[in-house]
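The sequence and model are shown first.

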Amino acid sequence: MAGIKPFRQKAGVVFGKNHSDRQSKGRCRQNNHVSGIGCVLLCDFDPQANSTSGMGVDKTVSQGVYDVLINGADVKSAVVATRYGDVLPSSKALAGAGIEMIDLPDRQFRLKQALDVLAPDYDYILIDCPPSL
């Protein structure tokens, strides 16, 4: 995998950070065939889940990043393939994850461990962070 790139904080704009994520994902997806950019995954770590719905995935999916971080769900089975590309979906349940993770072992490494599992399958991993990060 070439890199993991968190997008800058950019909220309150008509074409905000979620639009930027989807635009970048779309350009990469279109260029995969032509320029060999490779496979790209969009990880939605924002509880608003606008990147998730923007990729055509229902925000009420049964598994997503919350289940991976809190419940130890298999991260590969949580990835959803869409016509726009692959997405690790979010949901509003993620809003309370920080509190729920306080007593969990290795809480500070759970995201890294999940992305490490996915990294061999993707050339780029785009991360949509919540505005508070």
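The sections below take these topics in turn.

## Basis

This is a predicted model, in which local features need pLDDT of at least 70 and side-chain atom pairs count only at pLDDT 80 or more, while totals for chains, interfaces and linings use all residues. Residues are numbered from 1 along each chain as its sequence is written, and side-chain values use heavy atoms, with hydrogens and water left out.

## Strand pairing

Helices (H or I, at least four residues) and strands (E, at least two) are DSSP runs, numbered from the N terminus. Two strands pair if DSSP finds at least two bridges between them.

Strand 4 has pairings with strand 2 and with strand 3. Strand 2 (residues 40–44) and strand 4 (residues 85–88) run parallel and are joined by three bridges; within strand 4, Val87 stands opposite Leu42. Strand 3 (residues 80–82) runs antiparallel to strand 4, again with three bridges.

## Helix 6 and Arg110

The buried residues of helix 6 are Arg110, Ala114, Leu115 and Leu118 (buried means under 20% relative accessible area, exposed over 50%, partly exposed in between, with a 1.4 Å probe and protein chains only). Seen down the helix axis, these buried residues fall within an arc of 125°, so they line one face of helix 6; the arc is that of the directions from the helix axis to the C-beta atoms. An α-helix has 3.6 residues a turn, so residues three or four places apart point the same way.

A polar atom of the Arg110 side chain does lie 2.7 Å from the backbone oxygen of Leu69. This is a polar contact (a pair of N or O atoms within 3.5 Å; within protein, one must be able to donate a hydrogen and the other to accept it, and residues adjacent in sequence count only if both atoms are side-chain atoms). Beyond its neighbours within four places in sequence, Arg110 is in contact with Leu69, Ile70, Met101, Leu104 and Pro105, where contact means heavy atoms within 4.5 Å.

## Salt bridges

How many salt bridges does a search of the whole structure find? There are two, a salt bridge being a side-chain nitrogen of Lys or Arg within 4 Å of a carboxyl oxygen of Asp or Glu. One joins Lys76 to Asp121, with the closest N and O atoms 3.1 Å apart. This pair links distant parts of the chain, 45 residues apart: Lys76 is in helix 4 (residues 75–78) and Asp121 in the loop between helix 6 and strand 5. Lys76 is partly exposed at 43% relative accessibility, as is Asp121 at 37%.

Lys112 and Asp116 form a salt bridge whose closest N and O atoms are 2.6 Å apart. Both residues lie in helix 6, four residues apart, about one turn of the helix. Lys112 is partly exposed at 48%, and Asp116 is partly exposed at 41%.

Asp123 lies in the loop between helix 6 (110–118) and strand 5 (124–128). Its relative accessible area is 31%, which makes Asp123 partly exposed.

A polar atom of the Asp123 side chain lies 2.7 Å from the backbone nitrogen of Cys39. Asp123 and Cys39 are 84 residues apart along the chain, and their C-alpha atoms are separated by 5.2 Å.
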